[in-house]
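Please walk through this model with me, from the whole chain down to single residues.

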Amino acid sequence: MKRNMQQAAGRHAGIALAIASGVALSHPALAQQALPLNDLSSFQPSSKTWRIAGDVQADLAAANALKPANGTGILVNVPTNKEHGADLFTNLTHGDADFELEYLMAKGSNSGIYLQGRYEIQLLDSWGVTQPRAGDNGGIYERWDDSKPDGQKGYEGHAPRQNVSKAPGLWQKMRISFQAPRFDASGKKIQNARILSLSLNGVTIHEDVELSGPTRGAMQNNEVATGPIRIQGDHGAVAFRNIKITNYDKPRPELTNLKYTLYKGKYQAEPANYASLPPEAEGPSGVISSAVSNMDNEFLIRYTGTIKVAEPGTYTFNMGVNGGGGALRINKQQVIPISEWNGRGTANLPAGELPFELIYSKFVDWAQPSLGLSVSGPGIREYLVSDAALSSGNTVDPILVEAPSNTILRSFMDIPRHGRVVHAVSVGSNKGLHYTYDMDRGNMVQIWRGAFLDATPMWHDRGDGSSRPRGAVQYFGKPAFSVAVLTNNTAAWPDDTTGSSFRTRGYVLDADDQPTFKYDMAGAKIQDALKVAADGQGLQRTITAEGAPANMYVRLAAASTIEPAGKGMYLVDGKAYYLRIDGADGVQLRDAAGGKELVAPLKGTVSYTILY
């Protein structure tokens, strides 16, 4: 227990406790239940429009149309003129819960998820919408009162912060963290329901939204502690898969008999014997907090007490100790070892009253004192057991870059699992569709929907030169060249510039400030023009080569899967995005290491559009 705590001063000042808000989603491994989709037995009987399928495909040219394929794992609803369709209710009910699901909309389709059958999260084809409203995809639908004047009947709807919706026929992912209403012993409501967090396609679009009552079209206008999930089925064609639920119906552990002892001094290792140290202050405490110290630096707080555990099982603890180090012990076992800034640990705890001990040593003079501790466990959503007002540490106001018109920012860009692109050019548009171009390889590395860039890591303090997308990102895998010379049309795509004479020539802007990138390769002069469509629904790319050798190719896509979708269309990477061929001869779908590639010879011009 005497491991060194020093060297923390070299860490970045912006490190802070991630659980400060107290509404973080719990870890999915905690009692998560997948809704079986081998048949319809998980649901109450409904209309014949609902079925189980193995695959499903939309048609971008046909409204409200989905084509299911035989198999299992996907829940599909296809209402028709003959069969209008009806809502679908789960057999299970829920109170506090987290939900994960993937869904796929038909063109122009409309559906919704009603939590407890009463609070609707809207599902809609909102592809390309620039100013989303409460009725758009991911919106929390409005409440309704017919007694109010026209134009005021709908109220308390909540639009998503930004529109990160994908095109019809593409899988979208939603995560919802829901807190049910609370009632006293007489059944009177004492606390409203809340959407603690809702993310769509990896982007948080709602946080801590209070729901004063059921939204319009609820199964009933009353409120309850538990209720079923209801899926709207009478408006449009929609498909679902990977529906997962984590219920939080177990009592939380409680800290009791909590006492603190404050010691003055610079403790970079834990004291061997607390009994030999004169305390600066001590006494009972109602909550874990760094505020028991009136010193800014060079002090140690030791908390002792009892933690009452009602539900035995594995518990996870997250601790933030800003500007120093700390440790956590429960039931005489070390849960979080001596660590600096942030620590995390798990413990298998029996039911009962267990001894509790927490240590926080503050010794970095420039950091603000801050101490936070959260816990999650079996059937228990992660929550703060420390003082929420003092758990945030050194927070930083974000530095956000908007794109009210076509906007360009050069920075480093980190691509998950593939490292840093050091000559990245990010291009934003007021259509809500943006991309990053890698000038070292002449290729796009990502495209995203929603807001433009967060430049906080680039410009805060000394900065690290990087920015990051703020919307729903589609990555294109390991950064690689878009154009290459191949010995034949089955040769492997090259990993580097060896022998290519690659040289970037920068970019030029057109009248609308949309760039055309230029580079030389294998004796050819190449221009790479990218333009966001006027409706914001796609990004058109036109690659032109002057003096190209006969064996020069363009790689249009590389992914785990690429499926032909008719009329020059392809569905890429498990229906993550569409690729439409606008102008290219000899397009070839071929096998590649671990997946598929779409390539075309570059005889002059190759043009295609990414629809996302």
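**From the fold to single residues**

Arg161 touches Thr204, Ile205 and Glu207, leaving out residues up to four places away in sequence. This is a predicted model. One of these partners is also a polar one: the side chains of Arg161 and Glu207 make a polar contact at 2.6 Å. Arg161 lies in the loop between β9 (154–155) and β10 (172–179). Is Arg161 buried or exposed? Arg161 is exposed, because its relative accessible area is 54% and the cut-off for exposed is over 50%. Thr498 is 337 residues from Arg161 along the chain, and their C-alpha atoms are separated by 45 Å.

Now step back to the whole chain. Its secondary structure comes to one helix and 44 strands. The C-alpha atoms fill a box of roughly 85 × 65 × 45 Å along the principal axes. What does the radius of gyration say about the chain? The value is 28 Å. A compact globule of 612 residues would have a radius near 25 Å, so the two agree.

Contacts and burial come next. Take the contacts between residues at least 6 apart in sequence: 65% of them join residues at least 24 apart. Buried residues make up 53% of the 612 residues. The accessible surface comes to about 26300 Å². Carbon and sulfur atoms account for 46% of that surface. The chain has 60 positive and 60 negative charges, and the mean positions of the two sets are 3 Å apart.

Two strand residues show the buried side. Ser361 is found in strand β22 (residues 352–362). Ser361 counts as buried because its relative accessibility is 0%. What does the side chain of Ser361 reach? It is the backbone oxygen of Tyr267, at 2.5 Å. Asn318 sits in strand β20 (residues 313–330). Its relative accessible area is 13%, so Asn318 is buried, given that buried means under 20%. The side chain of Asn318 makes a polar contact with the side chain of Arg344, at 3.3 Å.

Val292 belongs to a loop, the one between β18 (281–284) and β19 (299–309). At 21% relative accessibility, Val292 counts as partly exposed. Which residues does Val292 contact, leaving aside neighbours within four places in sequence? They are Tyr260, Leu262, Ile301 and Tyr303. Ser339 is 47 residues from Val292 in sequence, and 21 Å from it in space, C-alpha to C-alpha.

Finally, look at backbone angles. Ala522 is not a glycine, although it has a positive phi of about 50°. Where is Ala522 placed? Ala522 is in the loop between β35 (515–521) and β36 (524–532). Its relative accessible area is 30%, so Ala522 is partly exposed. Lys567 has a positive phi of about 55°, and it is not a glycine. The place of Lys567 is in the loop between β39 (562–566) and β40 (569–572). Lys567 counts as exposed because its relative accessibility is 85%.

Key. Residues numbered from 1 in each chain as written. Predicted model: local features only at pLDDT ≥ 70, side-chain atom pairs only at ≥ 80, totals over all residues. Heavy atoms only, no water. Helix = DSSP H or I, 4+ residues; strand = E, 2+ residues; numbered from the N terminus. Rg over C-alpha atoms; globule rule 2.2 N^0.38 Å. Buried < 20%, exposed > 50% of the residue type's maximum accessible area, 1.4 Å probe, protein only. Contact = heavy atoms within 4.5 Å. Areas by Shrake-Rupley, 256 points an atom, 1.4 Å probe, with all protein chains shown as cover. Lys, Arg positive; Asp, Glu negative; His and termini not counted. Charge placed at Lys NZ, Arg CZ, Asp CG, Glu CD. Polar contact = N/O pair within 3.5 Å; in protein donor to acceptor, adjacent residues only side chain to side chain.
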